Amino acid sequence: MAHQKRVAAIHDISGFGKCSLTVALPILSAAGIETAVMPTAVLSTHTGGIAGYTYRDLTGDLRPYAQHWKSLSLKFDALYSGFLGSFEQLDIVGEIFDEFRERDNIILVDPVMADNGELYKIFSPEFPAGMKKLCAKADIIVPNITEAALLVGEPYRPGPYKKEYVELLLQKLGDIGPRQVVLTGTFFDDKELGAAAYDRETGDISYVLADRIEGYYHGTGDVFGSALLAALLNNFGLPQAVGIAVGYTTASIGRTFRAKTDIRFGVDFESGVPQFLKELKLA
Ligand code: PXL
């Protein structure tokens, strides 16, 4: 029997609101992947449009946490980072990547820091430059268009996009160092939305677009990144994995839209797990 894959997921815990670890852990686990979690911060809710959240920064815990794991000789098939709790964590997570890097494991960085043309308010203007250094250590990065523009120093454009702009971003993101780049929030007209994927080694670019649903739903980047990693670790190639992740995320948004849920409260990814497992050929 093939060995069970193991991931280290390095994100915050937002107690309510379905993002980061409360999304990554169930999705990866459902896909049969053992998921160790390294919380970067603990919040009562995410920071996207909900006032009054508590915030416990865990920067001081990360190095000892990783050292303990190292002392157990743990090995990971993938390291997956998302929302980081402080500027200092960018360097610390980079060190953790160096510690746990194997010849053939996957380092996936979701450079969570911005959306809709704006850096999240909790981050300083230096944050994107630090995140760029972390992305240089990754095999795969999954920025949205705002994050991509900040990482490569291009002006942010609100879209619909032209292929030239998307492909310029992909190429410049690849130049930072990762072998593969997946750009989320890509759209060429108002009807469809999806992701663009670029493999720097082959030069291949592919697009997966699905029907667009009105409204900005929180946590969808984390649903997408977790589903993408689950598909990659289940041996799907990049374009197929992006297809599975776009399908799962879009279906989750659709259910949430029909249920008329507050868009800040996250999407119903849970009800889509059975279909997701079929797509992964696990059920
Ligand atoms: O989904 C990204 C995310 C993760 N964690 C926290 C956030 C956000 C986006 O706003 O605030 C705490």
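This is a predicted model: local features need pLDDT of at least 70, side-chain atom pairs count only at pLDDT 80 or more; totals for chains, interfaces and linings use all residues.

Residues are numbered from 1 along each chain as its sequence is written, and side-chain values use heavy atoms, with hydrogens and water left out.

Helices here are DSSP runs of H or I, at least four residues, and strands are E runs of at least two, numbered from the N terminus.

Next I checked what H6 hides. Tyr165, Val166, Leu169, Leu170, Leu173, Gly174 and Ile176 are buried (under 20% relative accessible area; exposed is over 50%, partly exposed in between, with a 1.4 Å probe and protein chains only).

Then the helix pair. H1 (residues 21-30) and H7 (residues 220-233) pack at about 25°, axes 9 Å apart; axes are lines fitted to C-alpha atoms over the stretch in contact, and angles run from 0 to 180 degrees between N-to-C directions. I therefore put H1 and H7 down as roughly parallel (angles under 35 degrees).

Gly159 and Pro160 are joined by a cis peptide bond, omega about 0°, and Pro160 sits in the loop between H5 and H6. Lys18 is not a glycine, yet its phi is positive, near 50°; at 23% relative accessibility I log Lys18 as partly exposed. Asn235 also has a positive phi, about 70°, and is exposed at 66% relative accessible area.

Technical notes. Angles under 35 degrees count as roughly parallel, over 145 as roughly antiparallel, 65 to 115 as roughly perpendicular and the rest as oblique.
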